[in-house]
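This briefing is meant to be read with the sequence and the 3D view open side by side. Please take each topic in turn and find the named parts in the view before moving on.

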Amino acid sequence: MGKYARRRRGTMFEFEKPTVGDEWFYFFKRAEVILQNAEAQKGKKPRNRPSRSQYLFGHSLFHNDTKEGLKTEGRFDEKLGLASTITYNEHPPCTVPFSTLEKILLDDLRLEIAHRGSYIILRAIVDPNKYVSLTIIAEDESGDVQLVQIYNQDDRRSQVSIMPEGQVFIVKEPYFKTTSSGETSIRVDHVSDIIFLDGEDDRIPEEWRPKLKLLARRSLDWKNDGNRFYKEERYFEAAKCYTKGLEIAEPCSASAIVLLLNRAQTYLELGYNEEALADADRALSYEPVNQKALYRSAVACYEDGDYESAKTRLVKLLKEFPENKSAKERLLRTFQRLQEQRRGRYEFLKMRNEVKAWGNKRGKLDCAEYVGPVRVGDAGPKGRGLFATRDVKFGELLLCSKAFHVCHKETAGAKLNILFNLKARKGQAGTHSQLVQELIQVLYHNPKKAKKFYELDSGDYKRVRGGIVDGLPVVDSHLVMRIMLRNCFDCTRLSSIDDPLENLFKEKTEVEKKIAEESPTGTAGGSGLWIMPSYINHSCWQNSARAFLGDLLIVRAVRDIPEGEEITLNYLESECDVQTRQKQCFSGWGFNCKCTLCEIEAAEPQELQDKRKELLEKSEKFHHYLNQSKEKMESGVAPMIKLIKGMEATYTQPEFIHPRVPLLSPTQVLQSFLVSLERPPEVYNLAKHALNGLGFKIAIKRGRAVIERYGYMYYQTLIPFIHVITAGAMTGDIGTAMLWKDIAIKVYEAVVGERESFFDVYGRALLQAGVPCD
Ligand SMILES: C[S@@+](CC[C@H](N)C(=O)[O-])C[C@H]1O[C@@H](n2cnc3c(N)ncnc32)[C@H](O)[C@@H]1O
């Protein structure tokens with residue numbers, strides 16, 4: 001695979017130079033050439049449009065045998081394995097009502113433009129194919145046919161239920177384009193640009209209307225159908241039936257109330273909490289003390305994190321219906337959530353076990369969000385940032401944020417994909433395109449919640465005025481993508497796995513092997529979006545650390561932070577040199593980092609930086625060689641020490657001004673060799689030395705180990721602490737080991753987010769070394 005820059009806050013890669021056999025490079029290159037050539041066709045009619053039978057033949061080939069692996073955007077490619085989504089030109093959604101648009105036909109379409117002021121009405125002539133987009137062949141009223149690619153629909157729905165053969169639909173301001181495989185298509189990116197018409201809609205052309213009139217249906221029939229779908233867990237269909245019933249039910253009638261209540265429950269199942277609340281509240285406006293309506297409205301508030309409103313509604317409900325068990329139980333949970341929200345106290349171990357029990361299912365922790373001593377404020381040229389509202393101590397909880405939305409790669413059905421922006425020539429490997437697709441649905445169905453999302457940074461993207469048009473929220477998919485790219489976090493379900501030392505030597509799973517082979521970065525990660533943490537700006541020498549626990553993102557201080565100081569996180573791989581970091585900051589987020597570490601390193605003489613880099617590369621190669629046998633390891637210790645000393649000599653400033661971050665990896669390698677060779681005194685000294693090198697000053701005072709000066713702290717910093725403890729115990733100095741254990745737990749809590757799992761994670765290693773674990 002070619003040379004790709006990788007970052008910590010996103011499995012991002014850049015499209016640079018290829019190496020031999022770099023299939024992805026040539027795949028993107030081909031698409032780039034096609035799309036660049038297509039731009040020359042802008043405003044023109046396509047030269048050859050395939051005939052109806054050619055379209056149908058192509059569609060059926062793809063339909064019947066996906067393994068043929070057509071190389072087109074969003075389709076499965078057998079050779080490359082992971083599917084790809086390619087973005088090229090960004091066209092904003094339609095923001096005007098349907099009534100102001102004029103009808104056009106397929107023959108009126110011109111390439112590479114969105115047809116502003118127009119709409120097209122089409123009918124599907126096949127069932128859809130689905131990879132990244134839902135793909136169909138559709139005809140217009142004159143009988144012309146065209147490929148249509150529909151993106152960002154709710155993936156929980158079956159494709160055929162969205163667009164069965166015969167479905168009539170309108171595309172507002174259709175965007176007609178050349179695909180990256182050279183065909184032409186109407187590409188519908190924005191969910192608000194498509195209107196699905198049902199049989200009775202008078203916008204359906206006369207000749208497409210059903211010949212037989214359906215028997216008149218009563219609202220009761222729709223309710224019964226809805227209930228049947230609900231039982232079968234076909235919630236989309238159920239909601240549609242209840243909606244139909246409501247259209248004909250007498251307002252305020254008993255049947256309207258039942259339909260509203262049933263639809264509210266269905267929306268709760270789908271996670272459309274705002275719509276559920278609206279329905280339950282409408283039922284309450286008809287019948288103010290309806291038990292089910294009160295309960296469902298409380299659940300909708302609870303699920304949306306509005307625990308105060310949930311409490312008010314549940315209290316009201318219990319006043320009227322004191323025996324309602326579910327309401328009592330929900331009220332107790334609501335009190336717990338309110339405590340979490342106010343105090344930031346969580347049962348972390350229980351939550352961690354819950355996450356482990358999710359297996360490969362999707363999960364969501366039942367807990368509240370905590371915003372600690374921080375506020376969003378003006379960070380000058382960085383835009384907005386997060387600031388401490390009071391003095392904060394090392395390890396203190398700053399945020400415990402619930403995901404706005406997250407796609408874990410551990411979940412069955414997670415879509416690991418390559419999301420590639422050909423204009424920017426960079427991409428992400430992981431669940432990012434799934435995240436965008438699901439975010440779009442969340443925003444579409446929860447417009448109030450969406451406000452917080454839209455306040456996030458979207459770089460230089462030109463936003464259009466959205467709002468509600470034709471009764472539905474306008475969702476600009478490109479804006480969602482931009483916000484996602486700027487603000488998302490690469491994530492796992494747990495920041496620390498049990499027994500990491502044991503797991504270190506575990507074979508890769510089949511999926512991991514496949515990803516390593518098929519992704520341009522060799523990895524593909526989960527990704528998610530958290531609102532408050534998105535306001536934290538970058539610093540290569542951060543003062544906070546973030547950790548993941550299920551759908552929570554926990555941020556703690558990794559040193560004492562005075563009131564008013566900006567909270568920072570490191571978006572990058574910590575060990576990179578200043579040039580690499582600068583390049584990654586700029587290409588990923590469009591800024592030049594001016595943190596103290598960058599300033600110090602940028603001012604260093606180039607020959608010192610080059611020397612350090614050269615020695616570092618040497619030590620990496622040497623490591624692989626030494627790993628081959630115990631003998632090689634033994635003979636390699638002295639040269640490895642020499643290499644590390646050589647790197648140390650390239651630093652001119654004291655450690656607390658210029659921490660030796662890149663030295664931590666080779667030092668840890670050396671430590672692990674010394675552990676294997678059973679030379680604990682050297683491990684002990686080396687680990688302490690590594691901590692000094694990161695700028696830490698640790699003293700034993702009045703029988704306690706105290707951090708007198710905080711050094712550079714991130715997840716890897718934990719390892720030397722563990723080595724000091726285990727090596728100390730192995731040399732018989734249990735007392736010192738115990739003192740360091742206390743401090744290691746604090747460090748663990750700061751970087752992993754909680755302390756409760758420390759013994760699950762390091763217990764075995766500590767016990768083996770003879771450290772008592774209580
Ligand atoms: C995740 S957002 C952080 C919040 C953002 N500052 C805001 O106003 O919403 C990332 C964006 O913040 C800005 N940013 C973050 N760290 C920065 C830094 N160290 N220097 C300059 N800009 C920074 C960049 O514009 C970057 O694309």
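**A loop residue to begin with**

P93 has its place in the loop between strand 2 (83-87) and strand 3 (102-104), and the model in which it is seen is a predicted one. P93 counts as buried because 23 other C-beta atoms lie within 10 Å, where 20 or more are needed for that label. Leaving aside residues up to four places away in sequence, P93 touches H190, S192, D193, V464, V474, V475 and D476. P93 and Y267, by contrast, are 174 residues apart in sequence and 26 Å apart in space, from C-alpha to C-alpha.

**Confidence in the model**

- The protein chain has a mean pLDDT of 89, and 93% of its residues reach 70 or more.
- Over residues 1-7 the pLDDT is below 50, and this stretch has 33 contacts in the model beyond near neighbours in sequence.
- Residues 65-80 also have a pLDDT that stays under 50, and the model gives them 37 contacts beyond four places in sequence.
- For the complex, the predictor gives an ipTM of 1.00 and a pTM of 0.92.

**Domains and the contact between two of them**

- The domain assignment of the protein chain gives domain 1 (21-77 + 88-208), domain 2 (219-342), domain 3 (351-599) and domain 4 (605-769).
- Taken over C-alpha atoms, the centres of domain 2 and domain 3 are separated by 32 Å, and the contact between these domains takes 11 residues from domain 2 and 11 residues from domain 3.
- On the side of domain 2 that touches domain 3, helix 7 (273-286) and helix 10 (325-343) each supply at least two residues, and the largest share, four residues, comes from helix 10.
- By residue type, that side of domain 2 divides into two nonpolar, three polar and six charged residues.

**The surroundings of the ligand**

- Around the ligand there are 18 residues, of which G383, D457, N537, W589 and F591 come nearest.
- Strand 15 (384-388), helix 14 (477-487) and strand 24 (537-538) are the elements that give two or more residues to this shell around the ligand.
- The residues of the shell divide into six nonpolar, eight polar and four charged.

- Helix 22 (residues 680-693) has 14 residues and should span 20 Å at 1.5 Å a residue, which agrees with the 20 Å between its end C-alpha atoms.
- The buried residues of helix 22 are P680, V683, Y684, L686, A687, A690, L691 and G693, and what covers them includes helix 21 (664-676), strand 28 (697-701) and helix 23 (718-730).
- Just after helix 22, G695 takes a positive phi of about 100 degrees.
- L670 is found in helix 21, and L670 counts as buried because it has 24 C-beta neighbours inside 10 Å.
- Not counting residues up to four places away in sequence, L670 touches V637, M640, I641, I644 and L686.
- L670 and A687 are 17 residues apart in sequence and 9.8 Å apart in space, from C-alpha to C-alpha.

**Helix 24**

- Helix 24 (residues 734-752) has 19 residues and reaches 25 Å from its first C-alpha to its last, close to the 27 Å expected at 1.5 Å a residue.
- The buried residues of helix 24 are A737, L739, W740, K741, A744, V747, Y748, E749, A750, V751 and V752.
- These buried residues pack against strand 25 (544-549), strand 26 (552-557), strand 28, strand 29 (704-709), helix 23 and helix 25 (758-769).
- Just after helix 24, G753 takes a positive phi of about 100 degrees.

**Two glutamates with positive phi**

- E112 has a positive phi of about 60 degrees although it is not a glycine, and its place is in the loop between strand 3 and strand 4 (113-114).
- E233 counts as exposed because it has 8 C-beta neighbours inside 10 Å, where the label applies at 12 or fewer.

How values were computed
Residues numbered from 1 in each chain as written. Predicted model: local features only at pLDDT ≥ 70, side-chain atom pairs only at ≥ 80, totals over all residues. Domains from an automatic or database assignment. Contact = placed C-beta atoms within 7 Å. Nonpolar A, V, L, I, M, F, W, Y, C, P; charged D, E, K, R; others polar. Expected span 1.5 Å × (residues − 1). pLDDT = per-residue confidence, 0-100. Near = placed C-beta within 6 Å.
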